[in-house]
Amino acid sequence: MAGPRVDDIYDQVKAMAVSFRLRPGDRLNEVALSRDLGVSRTPLREALNRLVAERLFDFRPGQGFFCRPLDAQSVFDLFELRQIIETAAARAACATASDHDLQLLRDELYATGIDITGLTVEEAVNRDEAFHLGIAKLSGNMELLQTLTRINDRIRYIRWISMSLDRVQRSKDEHKRVMQALMDRNADEAARVLGAHISKRMDQVQDAVRHGISNIYMEGSDDISTRIIEEVEG
């Protein structure tokens, strides 16, 4: 069937775009990509058009599809937008989430989201995203949740870089503080801690982008996502 086939192609190409296995700014060779994936160009184009709508590719009339650029200003803007959305989600969750659902989120955080030693960078980021998306779900606003999901797709590669560079223990401690504020229904504290946790200065973003570009062109983008987190700094 055509539908599931396009979905499969979409998933494969999206994974390539998110990880920058398709290099930033490059024009996409549709013939080569369709051959590599073993698919025809019609469903490939349908998948690519979906990814253009999600801002993971650019389309230029008369030129074709281009891989999204990796530039500090765009990444900074996305982190800023993420901060706005997530702090709003935390406030809404404090107001509307049930005690039961908050407890479930807390249990999940402590079961899977605190100790990430031995995980790959990709696995650690996935767990981190799951906690943040869990808060967004508790806001009860599905449009907010979908928007955050798409932002996560666009910044995931930089988050891999940051996860490999940052003090991971500090991040986990902030998750605990956010969770406690949610349990206390303290919307101001939840928004404050979560906002500070997400916020990045431009120099931090620039540093992550520099490392990201070096990884893409010098080391290979798979290396960073599969790197093992051997020790969590205290």
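Biologist: Is Cys94 buried or exposed in this structure?

Modeller: In this predicted model, Cys94 has a relative accessibility of 6%, and because buried means under 20% relative accessible area, Cys94 counts as buried. Cys67 is likewise buried, with a relative accessible area of 5%.

Biologist: How many disulfides does the structure hold?

Modeller: A disulfide calls for a pair of cysteine sulfur atoms within 2.5 Å, and the structure holds zero of them.

Biologist: Where is Met16 found, and how far is Met16 from Cys67 in space?

Modeller: Met16 belongs to helix α1, which covers residues 2–18, and at 16% relative accessibility Met16 falls under the 20% cut-off and so counts as buried. Although Met16 and Cys67 are 51 residues apart in sequence, their C-alpha atoms are 9.9 Å apart in space. Once neighbours within four places in sequence are left aside, Met16 is in contact with Arg21, Leu22 and Leu33.

Biologist: At what angle do helices α6 and α9 pack, and which residues make the contact?

Modeller: Helix α6 (residues 121–138) and helix α9 (residues 187–198) pack at an angle of about 145 degrees, with their axes 14 Å apart, and α6 passes α9 in a left-handed crossing. The contact is formed by Asp128, His132 and Ile135 from α6, together with Leu194, His197 and Ile198 from α9; these residues divide into three nonpolar, two polar and one charged.

Biologist: Which residues of α9 are buried?

Modeller: The buried residues of α9 include Leu194, His197 and Ile198, as well as Ala190 and Val193. From its first C-alpha to its last, α9, with twelve residues, reaches 16 Å, close to the 16 Å expected at 1.5 Å a residue.

Notes:
Residues numbered from 1 in each chain as written. Predicted model: local features only at pLDDT ≥ 70, side-chain atom pairs only at ≥ 80, totals over all residues. Heavy atoms only, no water. Axes fitted to C-alpha atoms, helices over the stretch in contact; angles between N-to-C directions. Helix = DSSP H or I, 4+ residues; strand = E, 2+ residues; numbered from the N terminus. Left-handed = near helix turned anticlockwise from the far one by under 90°. Contact = heavy atoms within 4.5 Å. Nonpolar A, V, L, I, M, F, W, Y, C, P; charged D, E, K, R; others polar. Expected span 1.5 Å × (residues − 1). Buried < 20%, exposed > 50% of the residue type's maximum accessible area, 1.4 Å probe, protein only.
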